[in-house]
Amino acid sequence: METALYRIKHNLPNPNFLGAHLESDQAERYSPTFRHPSSITPVTWDQFSPVFSLGIFTDGSKINGQVGAAFSVFDPAHTGDFQFRLDNHCFVIQAGLTSIKQALLWKQSHKPSTHCHLFTDSMSSLKALQKFKPNSNLVEEIHGLIDGTISLHWVKAQIGVVGNEVADKAAKEASARPTPDINLEIPERSFKTDIRGLLLKEWQERWNRNDAKGRYTYSIFPKFSAKRCVDNHLLSQVVTNHGLCPQYLKRFNLRACNCRCGADADDGNQHFLFWCPLLDSR
């Protein structure tokens with residue numbers, strides 16, 4: 001996995017994983033621009049909702065695998081929505097940052113000298129903008145657009161704020177547009193998701209093979225899950241058919257014994273859990 005990611009980051013040929021070719025031509029590669037620390041103005045934001053003459057609400061959305069970004073202008077009444085469909089490989093944080101960037105570009109072109117209050121419900125976007133070294137071309141581009149006429153505010157989602165609800169609706173509509181309006185590079189996180197999917201698929205295929213070990217455990221857990229963790233030694237004995245049951249003791253020639261009920265020659269763990277009449281609770 002790390003080898004494939006390294007080849008993608010450094011644009012090396014044949015970035016394959018488990019025989020699958022990873023399309024790395026559009027991979028996001030950070031191109032830092034040198035800026036003296038004294039010239040960098042920290043990005044600040046708050047949770048206030050001030051009265052404004054110009055306010056812009058931004059939002060990003062991902063529905064059914066499709067991504068949209070939008071911003072709504074209030075001057076101070078609602079005067080218009082601007083929608084942008086992004087590539088399907090984009091994440092919601094990319095949509096949130098894109099909506100902020102497009103809003104700042106619109107403000108720079110139409111209201112360059114007017115003070116603007118920009119609102120977003122994406123806390124992750126605001127925290128990304130606060131990083132001293134963002135390692136993101138998109139974040140650095142936004143840094144270059146923020147000036148003294150911009151005030152950033154975080155607004156809580158789904159609490160009835162009119163501007164936020166309008167922007168949220170516009171972002172969802174943008175995700176349904178037929179073709180992308182803005183093409184962003186594929187982030188490393190997307191490649192990690194694809195590689196993890198390939199890894200889990202290979203794991204499941206190997207687990208399904210009849211000649212693989214652990215067929216008793218497979219009868220209990222035929223579907224592989226990376227979230228399942230059996231950390232209790234007694235449960236481990238149950239799901240692997242180990243422990244001090246007659247079947248296990250006879251298998252390793254530790255003791256020649258059978259269950260006293262005489263109903264099952266195997267006398268494994270499931271016999272005692274489900275079938276032994278001596279342990280019937282009725």
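Biologist: Which residue stands opposite Ser151 in strand 8?
Modeller: Keep in mind that this is a predicted model. Strand 7 (residues 116–120) and strand 8 pair in the parallel sense, with five bridges between them. Across that pairing, the residue opposite Ser151 is His117.

Biologist: Is strand 8 buried or exposed?
Modeller: Strand 8 covers residues 150–154. Ile150, Leu152 and Trp154 point one way, while Ser151 and His153 point the other way, and all are buried. In a regular strand the side chains alternate between the two faces of the sheet. With five of the five residues under the 20% cut-off, strand 8 is largely enclosed by the rest of the structure, so the word for it is buried.

Biologist: And which residue stands opposite Leu152 in strand 8?
Modeller: Here we look at strand 3, which pairs with strand 8 in the parallel sense over two bridges. The residue standing opposite Leu152 is Trp45.

Biologist: Which are the edge strands of the sheet?
Modeller: The sheet is open, has six strands with mixed pairing, and runs in the order 3-8-7-4-5-6. An edge strand pairs on one side only, and that holds for residues 45–46 and for residues 78–86. Those are strand 3 and strand 6.

Biologist: How many bridges join strand 4 to strand 5?
Modeller: Strands of a sheet pair through backbone hydrogen bonds, either parallel or antiparallel. Strand 4 (residues 55–63) and strand 5 (residues 66–74) run antiparallel. Phe57 stands opposite Ser72 in strand 5, and Thr58 has Phe71 as its bridge partner there. The number of bridges joining the two strands is nine.

Biologist: In the hairpin of strand 4 and strand 5, which residue takes a positive phi?
Modeller: That hairpin has two residues between the strands. The phi in question is near 55 degrees, and the residue is Asn64.

Biologist: What is the bridge partner of Gly68 in strand 6?
Modeller: Strand 5 is joined to strand 6 by a hairpin through three residues. The two run antiparallel, with eight bridges between them. In strand 6, Gly68 has as its partner Arg85.

Biologist: Let's move to a loop. How far apart in space are Val43 and Gln130, C-alpha to C-alpha?
Modeller: Val43 sits in the loop between strand 2 (20–21) and strand 3, and its relative accessible area of 12% makes it buried. Leaving aside neighbours within four places in sequence, its contacts are Leu129, Gln130, His143, Ile146 and Leu152. Val43 and Gln130 are 87 residues apart in sequence, yet their C-alpha to C-alpha distance is 5.3 Å.

Biologist: What is the relative accessibility of Asn164?
Modeller: Asn164 belongs to helix 5 (residues 162–175). Not counting residues up to four places away in sequence, Asn164 touches Phe57, Asp121, Val155, Lys156, Ala157 and Gln158. Asn164 counts as buried, because its relative accessibility is 2%.

Biologist: Last one: which residues make the nonpolar surface patch of about 390 Å²?
Modeller: Look at helix 10 (residues 269–275), where Trp275 lies. Trp275 counts as exposed because its relative accessibility is 52%. The patch is made by Leu273, Phe274 and Trp275.

Technical notes: Residues numbered from 1 in each chain as written. Predicted model: local features only at pLDDT ≥ 70, side-chain atom pairs only at ≥ 80, totals over all residues. Heavy atoms only, no water. Patch = residues over 30% accessible without salt bridge, like charges linked within 9 Å, V, L, I, M, F, W, Y side chains within 5 Å. Areas by Shrake-Rupley, 256 points an atom, 1.4 Å probe, with all protein chains shown as cover. Salt bridge = Lys/Arg side-chain N within 4 Å of Asp/Glu carboxyl O. Helix = DSSP H or I, 4+ residues; strand = E, 2+ residues; numbered from the N terminus. Buried < 20%, exposed > 50% of the residue type's maximum accessible area, 1.4 Å probe, protein only. Pairing = 2+ DSSP bridges. Contact = heavy atoms within 4.5 Å.
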